[in-house]
Structures are given as C-alpha cells and as structure tokens.
Amino acid sequence: MPSPRIPTEQWAQVVEKTGGPVVYKKIPVQKPGPDEVLINIKYSGVCHTDLHAVNGDWPLATKLPLVGGHEGAGVVVARGELVKDVEIGDYGGVKWINGSCLNCSFCQQSDEPLCAQALLSGYTVDGTFQQYCIAKAAHMARIPKDCDLEAIAPVLCAGITVYKGLKESGVRPGQTVAIVGAGGGLGSLACQYAKAMGLDIIAIDGGAEKKEMTAKLGAGHYVDFQTSKNLVSDVKAATSDGLGPHAVILVAVNEKPFQQAAEYVRPRGTVVAIGLPAGAYLRAPVFESVIKMITIKGSYVGNRRDSAEAIEFFRRGLIKAPYKSCGLSELNKVYELMHEGKIAGRYVVDTSK
C-alpha cells in the first residue's frame, strides 16, 4: 500500500501549564523512530487520568508542554525501518503504555506495565489528543479491520483496564462481583466484561439513571449509595447466601468506597483497586481482614496479551462502550463536566472537528 500524504502540521489539545486549561492549537507532526509507528488518530476516548494529568494530581511528573490522551484509534500512516509486523493502512491503537524496554524482568514475564522505563501516553510522552501520534510498534494495539474505530476507542484503556482487574480478582463464572462506580466510564465497561465472563453483577453507584444504565449493561442488582442506610448490609443482601460478593472491583473516583469494600466482601474474597482518586488511601479492619482471609490488591493496566483479549471481546460484539461524541476542539467542555461529576459513560473526541 502506498504511503499516504502526511501533513507537517496538525491540530492538537496542548497542556501548556499544570492546572490547564488545555489549548487547541496547531503543532508539528512528528516522524516515527526506527521502532515506532505514526498513527493518524481518528478518535480518542477521554479518561479521568487525562484530567489528573492536566491538574498534576499524581506524584508523577508530567511532560510539559503535553498532549494528553491514551485511548486513540486510527490508521497507521508511517513506520520506522525496524518495524516489520505492521503495515501501512493497518488499524492501530495507542494505549496508556506507549512503550517499554522489553528486556527487564517485568517485561520478560509479561508485566510490561511495571517496567521502570515504561513510556506513558498522554503523561510522559505526547498522547492521542492530536491528529497524528507516535507509538512504539511493539505496544501498538492491533485492531481488526472489522472494528469501528470510534466505538473501540474507550476499550483501549477503560476496557483493557477493567478486563485485567476482573482477571486479577480470580472470580469465576457463576460467582458474584460488586462493581463500585458501575455507572462511570470504567464501570460501564466492567459490567459488560463481567457479564461476558459469566458473572453475577452487583452495581454500586448513585441515582436512578445509573440504575437503569447498569441494568441494561448486565447488572442483576443495584445498590444506591445515595439512598442506602447501610451500604455494607445492602451489598451482602444482594448475594444469594448473604455472605457478600466473591470480588469487589473499585473503579470509583472518590475515596470512601475504597474504605468500605473490605467490610462487605465475602470470606476469601478479593478487593481489587483500579480507580485512582487523588490522595486517597485504602482502609480495612485488620481483625476482620485476617479472620475472613480476604485479599486486597491493586490492578494496573493490562499487558499486550490482555489488550488483545479485551479487543477480541469487542470484536465479537460482546462489548459496546456507552459513549457520547464531540469534537477534539471541545475537550475543555468535557473536562468541565468531569470535574463537576456530570458524566455517565465515556466521551470520545473526533480529531477532525
């Protein structure tokens, strides 16, 4: 396939100072290095991590100026001379892990997200809120040609992340999982992956709108933290034997749920922390945690195999990420809605607008 014409400039949303706002402006199009690809980003999902990057919420320095975004789906338009397994015209995705050393002990055991030299899209290297984005070819998500690029964008971070968390929980088909923050961007996908994996789902969130939404996504039970007088008792009561769920997936964006989960997970159950509220701490009663033999663990993003599996669920039609569309030029408005807590599901930006 002949190489497409690549412009020298492109539109992008740029963080010029910590705290924002992001600036919609033209910047140069970069050329891929020997082991890299250049992807013409068509669509990019918007994640809470992107807002954390703008605000400098995490104890990890961001690149400045910075192009955020790490859920980009598009078409490969150029490749470095060492790249042999990616063709021009292939569909490709840019994920949170933009690259890693591929040689350390973590990379060798398929834990490349733990690599000390990992490159983070939209954080330590420029990400997907631009029309052309660089990625290491080894870490580019391979997207089948029969996939819709707009619809798959949220899967490239949110989908892969919750799928990995469900795997880390060890929960098996027929068992019960509680998903805390089930009506948000991560939670809406967690519900679908959990359903596809044969799990009984307790959705925990607030409001009638999210109850209706999570029921459509496969949740058999709903606990509204806004109206519940005893959330721990209500979650346990939603399980068939009253002992609580086998696993709890924490994708909430505030701290309190991280301090309750250990109280309602069943004996030998697992609490998996995925969401990253700024400055938050986990909390669990030591006596009950020991006597119940519960496991509390963190789950980061998926490796390359996890990514391929999560994408395959989507390709088979088992995952449909609820999302709203807008133009890349409207990114600041999306951040404002996020800050106000007014987003249900995911936003996907179209880089052509």
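**View 1. The largest nonpolar core, in a predicted model.** It holds 43 residues, and I152, V177, I179, Y193 and I249 make the most contacts inside it. (A nonpolar core here is a set of buried Ala, Val, Leu, Ile, Met, Phe, Trp, Tyr and Cys residues joined through side-chain atoms within 4.5 Å; buried means under 20% relative accessible area with a 1.4 Å probe, protein chains only.) Helix α5 (residues 185-196) is the top contributor to this core, with 6 residues; helices are DSSP runs of H or I, at least four residues, and strands are E runs of at least two. Domain 1 (9-157 + 302-350) and domain 2 (160-298) both supply residues, so this core sits between them. Since this is a predicted model, local features need pLDDT of at least 70 and side-chain atom pairs count only at pLDDT 80 or more, while totals for chains, interfaces and linings use all residues. Numbering runs from 1 along each chain as its sequence is written, and side-chain values use heavy atoms, leaving out hydrogens and water.

**View 2. V177 and its contacts.** Leaving aside residues up to four places away in sequence, V177 touches L166, A194, L199, D200, I201, I202, P245, A247 and I249 (contact: heavy atoms within 4.5 Å).

**View 3. Residues around the second largest pocket.** Of its 21 lining residues, Q30, K63, V125, D126 and Q130 come closest to the centre. (On a 1 Å grid over the protein atoms alone, a pocket is an open set of points with protein on both sides within 12 Å along at least five of seven lines, where a 1.4 Å probe fits; lining residues have an atom within 4 Å of a point.) β9 gives the most to this lining, with 5 residues.

Notes. Buried means under 20% relative accessible area, exposed over 50%, partly exposed in between (1.4 Å probe, protein chains only). Domain bounds come from an automatic or database domain assignment.
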